[in-house]
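Please keep the sequence and the model in view while reading.

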Amino acid sequence: MKSFLIIGMSTFGAHLCKMLTSLGSEVMIADKNSETVEAMMRYAVSAKIADCTNTDVLKSFGVDEFDACFVCLGDHFSETLEITFSLKELGAKKVFSEVNRDIESKFLLRNGADRVVYPEYDLAQRIAVSESNDSIFDAIELTGGYCIYEISTPRSWRGKTIRDLNIRQRHNLNIIATKKGEEIIPALSPEYVFCETDHLLVMGHIDDINNVI
């Protein structure tokens, strides 16, 4: 079972806590607002009312024991930066920090964040990608312009196998899984035959995706 520390119960932090708990993870939460902490206590195995800009407070959490730490303070960028830096200095394995502006990302990545989370941008991007192309249903951004896309099976792929199409070499794409209704089938064999009704989970660059759909 994985364990996580979430500092700050912003809207994103609260949703994250509920989702991680529902997936069977152990979550410790911390926020200096007592009412916010009390409202979320039933979702966490441990809850602290504390000012996490205080390094001694962070030390008491044993941050190096968590699989990942999340800093979710919404608009409080200076505190986010300070806590992110301290977490990494104290040996946190992974630090994810919430941002609200592009400029904040650069500072956080240079000062300890392993990844920044930009909830409004991420949501806007996923909606824009899926709504601008009828063959793309969802997209999860990775890095460097690469995403995992959920797409309909390209017409030219239907009835053919992965081996026939030589997708990785010809199209620079990786097939992660296929979806049949709500069922996800991972680790497809080279002999898997694509069907018209399949939704494919494909990792690649948007330019390469656009070349096949």
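1. With which residue does Asp114 form a salt bridge? The partner is Lys88, and the closest N and O atoms are 2.6 Å apart. A salt bridge here is a side-chain nitrogen of Lys or Arg within 4 Å of a carboxyl oxygen of Asp or Glu. Asp114 lies in the loop between helix H5 (102–110) and strand E6 (115–117), while Lys88 is in helix H4, so the pair ties together parts that are 26 residues apart in sequence. Helices (H or I, at least four residues) and strands (E, at least two) are DSSP runs, numbered from the N terminus.

2. On the basis of the values: this is a predicted model, in which local features need pLDDT of at least 70 and side-chain atom pairs count only at pLDDT 80 or more, whereas totals for chains, interfaces and linings use all residues. Residues are numbered from 1 along each chain as its sequence is written, and side-chain values use heavy atoms, with hydrogens and water left out.

3. On accessibility: buried means under 20% relative accessible area, exposed over 50%, and partly exposed in between (1.4 Å probe, protein chains only). Asp114, at 41%, counts as partly exposed, and Lys88, at 29%, is also partly exposed.

4. The count of salt bridges comes to 7. Among them is the pair of Lys179 and Glu150, whose closest N and O atoms are 3.5 Å apart. Lys179 belongs to strand E9 (residues 174–180) and Glu150 to strand E8, so this bridge ties together parts 29 residues apart in sequence. Both Lys179 and Glu150 are buried. Another of the bridges joins Arg101 to Glu104, with the closest N and O atoms 3.5 Å apart; Glu104 is buried, at 7% relative accessibility.

5. The structure holds 5 aromatic pairs. Rings of Phe, Tyr and Trp (its six-membered ring) pair if their centres lie within 6.5 Å; planes under 30 degrees apart count as stacked, over 60 as edge-to-face and the rest as tilted. The ring centres of Phe4 and Phe70 are 5.9 Å apart and the planes stand at 50°, so this pair is tilted. Phe4 is in strand E1 (residues 3–7) and Phe70 in strand E4 (residues 68–71), 66 residues apart.

6. For Phe70 and Phe96, the centres are 4.9 Å apart and the planes at 25°, so the pair is stacked. Phe96 is in strand E5 (residues 95–98), 26 residues from Phe70. Phe70 is buried at 9% relative accessible area, and Phe96 is buried at 19%. Together, Phe4, Phe70 and Phe96 form one aromatic cluster.

7. The largest nonpolar core has 18 residues. Such a core is a set of buried Ala, Val, Leu, Ile, Met, Phe, Trp, Tyr and Cys residues joined through side-chain atoms within 4.5 Å. Leu5, Phe61, Ile83 and Leu87 have the most contacts inside it. Its largest share, 3 residues, comes from helix H3. In soluble globular proteins, nonpolar side chains tend to be buried together.

8. Contact means heavy atoms within 4.5 Å. Leaving aside neighbours within four places in sequence, Ile83 is in contact with Ile7, Cys52, Thr53, Leu58, Val71 and Leu73. Ser86, found in helix H4, is buried at 10% relative accessibility.
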